[in-house]
Structure formats: C-alpha cells, structure tokens
Amino acid sequence: MKEIDKVYVGKRIQQQRELLGYTREELAEKADITPRFCYDLELGQKGMSVDTLCKLKSALHINIDYLLFGEQKALN
C-alpha cells in the first residue's frame, strides 16, 4: 500500500482548483469547508476526513485515486 503524502495531495487540490478556475473561497463553499482549511490542505499542513475527501472529489470533478496518489484510474 502506498503512503499518502499530504503535500502532494495539497498540490493536486490546488492544481485542479486552478484548472477549474475556482478561487479558494469558491472551492471551500462547494466542499463545505472553510477557506482557511482549504488553504491548509493545499499546503499539506492538514489531513482530512473521508467525508471531506468525498466532498473535495465531487467539487473538483476528479477521482479519489488521483487526489490521494496522483494516479488516474478508469472509473467502472
């Protein structure tokens, strides 16, 4: 099992947010988190619950494998 690197998860969150044209505040609203928590996630300073992970996945339109590990897998 691969180890989850919070810094790289944060970078993927930030990259996808910027790709979608969202501000940090817009992403925070879509994912039902605070802008400060979103900032901390992007810097890799905080971890997140499964619930928050699922909300971010939906808000960012990406799959969880990519968000956590940087791997894009086919959705079945």
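Figure 1. With a relative accessible area of 58%, His61 is exposed, where exposed means over 50% relative accessible area, buried under 20% and partly exposed in between, for a 1.4 Å probe and protein chains only. This is a predicted model, in which local features need pLDDT of at least 70 and side-chain atom pairs count only at pLDDT 80 or more, while totals for chains, interfaces and linings use all residues. Residues are numbered from 1 along each chain as its sequence is written, and side-chain values use heavy atoms, with hydrogens and water left out. His61 lies in the loop between α4 and α5, the helices being DSSP runs of H or I with at least four residues, numbered from the N terminus. The phi of His61 is positive, near 60°, in a residue other than glycine. Most residues other than glycine have a negative phi.

Figure 2. Asp32 is found in the loop that joins α2 and α3, and its phi is positive, about 60°, although the residue is not a glycine. Asp32 counts as exposed, at 59% relative accessibility.

**Figure 3. Close-up of the largest nonpolar core.** The largest nonpolar core has 16 residues, and those with the most contacts inside it are Ile13, Leu27, Ile33, Leu56 and Leu67; such a core is a set of buried Ala, Val, Leu, Ile, Met, Phe, Trp, Tyr and Cys residues joined through side-chain atoms within 4.5 Å. Two or more residues of this core are given by each of α1 (6-20), α2 (24-31), α3 (35-42), α4 (50-60) and α5 (64-69), and the largest share, 4 residues, comes from α4. When residues up to four places away in sequence are not counted, Ile13 touches Leu27, Leu41, Glu42, Met48, Leu56, Leu60 and Leu67, contact meaning heavy atoms within 4.5 Å.

**Figure 4. Close-up of α2 against α4.** The two helices α2 and α4 pack at an angle of about 120°, with 8 Å between their axes; the axes are lines fitted to C-alpha atoms, for helices over the stretch in contact, and angles run from 0 to 180 degrees between N-to-C directions. That angle makes α2 oblique to α4, because angles under 35 degrees count as roughly parallel, over 145 as roughly antiparallel, 65 to 115 as roughly perpendicular and the rest as oblique. The crossing in which α2 passes α4 is right-handed, a term for a near helix turned clockwise from the far one by less than a right angle, with left-handed used if the turn is anticlockwise. On the α2 side, Leu27, Lys30 and Ala31 meet Lys55, Leu56, Ala59 and Leu60 of α4. The residues of this contact divide into 5 nonpolar, no polar and 2 charged, where Ala, Val, Leu, Ile, Met, Phe, Trp, Tyr, Cys and Pro count as nonpolar, Asp, Glu, Lys and Arg as charged, and the others, Gly among them, as polar.

**Figure 5. Close-up of α1 against α4.** The axes of α1 and α4 are 10 Å apart, and the helices pack at an angle of about 30° in a left-handed crossing. From α1, the residues Ile13, Gln16, Arg17 and Leu20 meet Leu56, Ala59 and Leu60 in α4. By class, this contact of α1 with α4 comprises 5 nonpolar residues, 1 polar and 1 charged.

**Figure 6. Close-up of α2 against α3, with Arg24.** An angle of about 105° and a distance of 8 Å between axes describe the packing of α2 and α3, which are therefore roughly perpendicular to each other. Arg24, Glu25, Leu27 and Ala28 in α2 meet Pro35, Cys38, Tyr39 and Glu42 in α3, a contact with 5 nonpolar, no polar and 3 charged residues. Arg24, which belongs to helix α2, counts as partly exposed at 22% relative accessibility. Not counting residues up to four places away in sequence, Arg24 touches Arg17, Pro35, Cys38, Tyr39 and Glu42. The C-alpha atoms of Arg24 and Tyr39 are separated by 7.2 Å, although these residues are 15 residues apart along the chain.

Figure 7. Gln45 is placed in the loop between α3 and α4, whereas Asp40 is found in helix α3 and counts as buried, at 7% relative accessibility. Leaving aside neighbours within four places in sequence, Gln45 is in contact with Arg36 and Asp40, and Asp40 is in contact with Gln45 and Lys46. Gln45 and Val7, 38 residues apart in sequence, are 7.4 Å apart in space from C-alpha to C-alpha.
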